[in-house]
Amino acid sequence: MDTLSLLRTDIEKLRKKSYAVMKKAVGEKVYYRGLLEFSNICRRDCNYCGIRKSNSNVKRFELSKEEIVNIASWCAGEGYGSLMLQSGERESRDFVSFVEDIVRTTKEKTVSEKLPRGLGISLSCGEQSKETYRTWFNAGAHRYLLRIETTNPELFNKIHPSSVSLQKRKACLVDLKEVGYQVGTGVMIGLPGQSEEDLAEDIEFFKEYDIDMIGMGPYIPHKDTPMRDNRSGSIELSLKMVAAVRIAMKNINIAAATALQAIDPIGREKALAFGANIIMPLVTPAEVRKHYQLYDGRPCINEQTADSKLSLSERIRSMGREIGFNEWGDSRHWRC
Ligand code: 5AD
């Protein structure tokens, strides 16, 4: 079945089919990546994003190396297995060296009997030069997430300032593959003017670029952005996308995106039932979470890290899913 027909299939049928495909291709385990948003300083001015450069209502922050390494050690102690270090996009030499340093130190400090290779480290720090990607890879990061946002060129240009280019974004994904990363990308679902055909094309793009991991969620407006007056993407379409990607790509890793939780209290859990196998519990310190609002209504803002994790694990187990504690949970697609 082609991808567009998949998106048009009855949602219940799609759920059953995607779950069966997931079970066969990657199993039913769910892997955690602690999501640490270590800085909201960003040089970009994307029209949808709450931490865009020109939003002067945002208090900018950067965690110290010590804070980051302490949180990483906490994740390792909890058995998370992997850490996702995410930030706004910056290209200064200082930033490149800072990330290199935190990756290297996190690796060193999290080696234990339970984790003989330390935490698995994923980075999500935007578009960088191939040399920078290599520097960070050599420091010990082995996965990188860079969303394409949409592959429709007109829509891409509508939601980004002219300094951001679809071609450049694609070139970065190629660079990341060549350097040796497990490469993740994804799109926002329900962008204004986005069609089902566009989303089907996005899936074709994921296949063409041999993507190992997907993170995608609904578009949600943020009040301080030029796109504030639009509607959020729906939970139905988001879940259908997750299922369609699972069926089309089989053995990749698919994250149940945090944004799903903003439009549905159990949105992430629902995504697990539609073929997702990765969850990223938020481990950003409570004091700075409020400064990392990519969209309005971001969940977990006032929750303590440990509390949100406890209830999450319980919820996952109650769905009959096991959690792969102390495992990296690499994409099988990448290992093949
Ligand atoms: N709604 C949903 N997702 C968003 N992101 C940024 N802003 C929004 C928004 N308003 C997503 C983008 C980006 C990722 C870090 O967060 O896809 O790549």
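1. In this predicted model, a nitrogen atom of the ligand lies 3.0 Å from a polar backbone atom of Tyr48. Tyr48 is also one of the residues that surround the ligand.

2. An oxygen atom of the ligand is found 2.8 Å from an N or O atom in the side chain of Arg147. A nitrogen atom of the ligand is 3.4 Å from a polar backbone atom of Leu294. Of the 410 Å² of accessible area that the ligand has on its own, the protein covers 87%.

3. Where does the ligand sit? Its place is the largest cavity. The structure has two cavities of 30 Å³ or more, and the volume of the largest cavity is about 970 Å³. The lining of this cavity counts 46 residues, of which Gln86, Ser124, Arg147, Glu149 and Leu294 are the closest to its centre.

4. Several secondary-structure elements contribute to the lining of the largest cavity. At least two residues each come from the strands β1 (31–39), β2 (82–87), β3 (120–124), β4 (143–145), β7 (213–218) and β8 (253–256), and from the helix α10 (258–263). Strand β7 provides the largest share, with six residues.

5. What classes of residue line the largest cavity? The lining is made up of 25 nonpolar, ten polar and eleven charged residues. Arg147, one of the lining residues closest to the cavity centre, is the residue whose side chain has an N or O atom 2.8 Å from a ligand oxygen atom. Leu294 is another of those closest to the centre, and a polar backbone atom of Leu294 is 3.4 Å from a ligand nitrogen atom.

Technical notes
Residues numbered from 1 in each chain as written. Predicted model: local features only at pLDDT ≥ 70, side-chain atom pairs only at ≥ 80, totals over all residues. Heavy atoms only, no water. Near = heavy atom within 4 Å. Polar contact = N/O pair within 3.5 Å; in protein donor to acceptor, adjacent residues only side chain to side chain. Areas by Shrake-Rupley, 256 points an atom, 1.4 Å probe, with all protein chains shown as cover. 1 Å grid on protein atoms, 1.4 Å probe; cavity = no way out; pocket = protein on both sides within 12 Å on 5 of 7 lines; lining within 4 Å. Sits in = over half its atoms within 2 Å of the grid points. Points joined across faces, edges and corners; volume = space filled by probe spheres on them. Helix = DSSP H or I, 4+ residues; strand = E, 2+ residues; numbered from the N terminus. Nonpolar A, V, L, I, M, F, W, Y, C, P; charged D, E, K, R; others polar.
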